[in-house]
Amino acid sequence: MADLAPSVAREAVLKESSALPEDMRRIRGYDFNQGVDQHALLQSFLTTGFQASSFGLAVQEVNNMIEKRLEPVEKEGEGPEEGGACEGRGCTIFLGYTSNLISSGVRETIRYLAQHSMVDVIVTTAGGVEEDLIKCMAPTFLGDFSLPGKELRQRGINRIGNLLVPNDNYCKFEDWLMPILDQMVDEQRTEGVHWTPSKMIHRLGKEINNPESVYYWAYKNDIPVFSPALTDGSLGDMIYFHSYKKPGLVLDIVEDIRRLNSKAVFAKRTGMIILGGGLVKHHIANANLMRNGADYAVYVNTGQEFDGSDSGARPDEAVSWGKIRMDAKPVKVCVCVCVCVCVCVLQGDCLSLYLMHCKASNPTLLQVCVKASNPTLLQGL
């Protein structure tokens with residue numbers, strides 16, 4: 001018996017396995033011997049494992065939102081109040097994102113979604129609004145994460161991660177914004193206009209009149225943009241300065257919370273796509289609490305749950321609050337590199353399915369979604 005390993009060791013190492021279900025996905029990555037097929041490469045993420053598989057599940061969840069959104073809906077029961085659900089939508093899609101994504105090149109991806117009416121409601125921060133508008137006036141530059149703050153401050157250069165924004169950009173923003181704030185105060189006094197953050201963003205989208213802007217297209221396509229902390233940024237700075245020059249501007253957040261919640265309450269179904277954390281994540285999730293939870297949800301962020309923050313919380317925590325439905329299949333993609341990369345790839349993979357589905361189920365809707373602004377999207381479909 002000396003030539004046999006101890007039985008306890010053999011039993012521990014060679015323990016028999018129970019059978020796994022036949023329909024379980026098997027791990028397999030993309031074979032580049034097949035050539036470079038970007039769509040197939042992205043589809044292979046589902047069976048790659050780790051966060052790549054979470055990404056694949058996120059694609060499926062977003063595609064489920066898109067499929068339901070394109071279903072026609074008949075009016076039934078209690079009709080929505082003004083500012084309620086998006087008429088004719090089988091699923092109302094809420095998009096939330098933090099300001100760093102607008103500061104980065106993801107801005108162009110988000111602008112595309114607004115330009116082609118691919119989302120129904122937007123929630124963002126003050127920076128998520130102003131950085132888009134400022135980019136219409138002056139560029140943001142690529143720098144480095146390690147540039148010393150003291151030297152940058154002496155030169156009047158602001159750093160956002162590895163992005164550089166000359167302070168002159170904000171001076172140009174002030175010159176543009178102040179006359180608009182004057183008009184808003186005049187309209188409030190003489191016409192009784194009841195300003196809210198979403199109405200102000202709508203007005204700024206109209207005034208910027210630049211097709212490179214997210215909020216120009218939100219204005220053109222009547223996509224409401226909510227930002228309950230609109231004063232928490234350069235916009236707040238300018239409103240503060242303006243209050244000395246021409247006091248009296250009032251922004252009503254109560255009207256906006258009723259309008260946002262109504263978008264969820266009166267929707268047939270809802271989907272949440274939340275990029276980043278903090279205010280935008282909770283504001284959308286809490287609106288969906290009012291309807292006992294969203295039907296679909298995708299979180300993309302770098303946060304962890306272990307500090308108890310809402311930013312890092314997994315979707316299952318939102319289920320416990322009634323912000324995501326108990327029978328939903330929400331997905332969190334925890335990206336260790338950058339949300340920017342994940343967002344661009346996610347949209348690219350979902351877009352082709354969206355256009356193909358539009359063509360098959362409703363060619364007229366496809367024409368509406370693509371519009372005359374980008375006819376090349378119709379080629380090859």
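The exercises concern a predicted model and cover a sheet, a helix pair and a proline.

**Exercise 1.** Determine the strand order of the open sheet of three strands, and find what packs on the sheet.

Solution. Start with the order, which is β3-β5-β4 with antiparallel pairing. The edge strands are β3 (141–142) and β4 (157–160), each of which pairs on one side only. Next, take the pair β4 and β5 (residues 163–166): four bridges join these antiparallel strands. Across this pair, asparagine 158 stands opposite valine 165 in β5. Finally, helix α8 (residues 168–190) packs on the sheet and touches β4 and β5. The direction of α8 makes about 50° with that of β5.

**Exercise 2.** Describe how helix α12 (residues 253–265) and helix α13 (residues 279–289) cross, and list the residues that meet.

Solution. The two axes come within 8 Å and cross at roughly 60°. The crossing of α12 and α13 is right-handed. On the α12 side, the residues are Ile257, Leu260, Asn261 and Ala264; they meet His283, Ala287 and Asn288 in α13. Sorted by class, this contact has four nonpolar, three polar and no charged residues.

**Exercise 3.** Locate proline 224 and decide: is proline 224 buried or exposed?

Solution. Proline 224 lies in the loop between α10 (214–220) and β6 (225–226). Its relative accessibility is 6%. The cut-off for buried is under 20%, so proline 224 counts as buried. Leaving out residues up to four places away in sequence, proline 224 touches Asp120, Val121, Ile122, Arg259 and Lys263. For arginine 259, 35 residues apart from proline 224 along the chain, the C-alpha separation is 9.4 Å.

Note on methods:
Residues numbered from 1 in each chain as written. Predicted model: local features only at pLDDT ≥ 70, side-chain atom pairs only at ≥ 80, totals over all residues. Heavy atoms only, no water. Axes fitted to C-alpha atoms, helices over the stretch in contact; angles between N-to-C directions. Helix = DSSP H or I, 4+ residues; strand = E, 2+ residues; numbered from the N terminus. Left-handed = near helix turned anticlockwise from the far one by under 90°. Contact = heavy atoms within 4.5 Å. Nonpolar A, V, L, I, M, F, W, Y, C, P; charged D, E, K, R; others polar. Pairing = 2+ DSSP bridges. Buried < 20%, exposed > 50% of the residue type's maximum accessible area, 1.4 Å probe, protein only.
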